[in-house]
Amino acid sequence: MKLLLLIAVAVACVAASFVWREPWIGGVGLLVAFVAMFTDRDDVKLDDEKGSYETTKSVRNMRSRNR
């Protein structure tokens, strides 16, 4: 939800820079978009978080033994 709000603010700032012909407003919009891009969280669960009995380290150890 926070990401969509930041993107909406960035788009509004860039659009306002064209309407009012003030380039610094577009720069602020690009900075807000940059912040939104790097504060986005990756909500993909890792194997350790899925509640499986095998951890990532144990799976890596099992795979490396067969090589």
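Visitor: Which way does helix 1 pass helix 2, in a left-handed or a right-handed crossing?

Guide: Happy to start there, with the reminder that this is a predicted model. Helix 1 covers residues 2-20 and helix 2 covers residues 23-39. Where helix 1 passes helix 2, the crossing is left-handed.

Visitor: Are helix 1 and helix 2 roughly parallel or roughly antiparallel?

Guide: The two helices pack with their axes 7 Å apart, at an angle of about 165°. Angles over 145 degrees count as roughly antiparallel. Therefore the relation of helix 1 to helix 2 is roughly antiparallel.

Visitor: Which residues of helix 2 meet helix 1, and how do the residues of the contact divide?

Guide: From helix 1 come residues including Leu 3, Leu 6, Ile 7, Cys 13 and Trp 20. On the helix 2 side they meet Ile 25, Gly 26, Val 28, Gly 29, Leu 30, Val 32, Ala 33, Ala 36 and Thr 39. The residues of this contact divide into 15 nonpolar, four polar and one charged.

Visitor: Is Ala 16 buried or exposed?

Guide: Good one to look at in the structure: Ala 16 lies in helix 1 and is among the residues that meet helix 2. Leaving aside residues up to four places away in sequence, Ala 16 touches Arg 21 and Ile 25. Its relative accessibility is 15%, and the cut-off for buried is under 20%. So Ala 16 counts as buried.

Visitor: How far apart are the C-alpha atoms of Ala 16 and Gly 26?

Guide: Both residues belong to the contact of helix 1 with helix 2. Along the chain, Ala 16 and Gly 26 are 10 residues apart, and their C-alpha atoms are separated by 7.3 Å.

Visitor: Is the pair of Phe 34 and Phe 38 stacked or edge-to-face?

Guide: The structure holds one aromatic pair. The ring centres of Phe 34 and Phe 38 are 4.9 Å apart and the planes stand at 65°. Both residues lie in helix 2, four residues apart, about one turn of the helix. Planes over 60 degrees apart count as edge-to-face, so the pair of Phe 34 and Phe 38 is edge-to-face.

How values were computed: Residues are numbered from 1 along each chain as its sequence is written. This is a predicted model: local features need pLDDT of at least 70, side-chain atom pairs count only at pLDDT 80 or more; totals for chains, interfaces and linings use all residues. Side-chain values use heavy atoms; hydrogens and water are left out. Axes are lines fitted to C-alpha atoms, for helices over the stretch in contact, and angles run from 0 to 180 degrees between N-to-C directions. Angles under 35 degrees count as roughly parallel, over 145 as roughly antiparallel, 65 to 115 as roughly perpendicular and the rest as oblique. A crossing is left-handed if the near helix is turned anticlockwise from the far one by less than a right angle, and right-handed if clockwise. Contact means heavy atoms within 4.5 Å. Ala, Val, Leu, Ile, Met, Phe, Trp, Tyr, Cys and Pro count as nonpolar, Asp, Glu, Lys and Arg as charged, and the others, Gly among them, as polar. Buried means under 20% relative accessible area, exposed over 50%, partly exposed in between (1.4 Å probe, protein chains only). Rings of Phe, Tyr and Trp (its six-membered ring) pair if their centres lie within 6.5 Å; planes under 30 degrees apart count as stacked, over 60 as edge-to-face and the rest as tilted.
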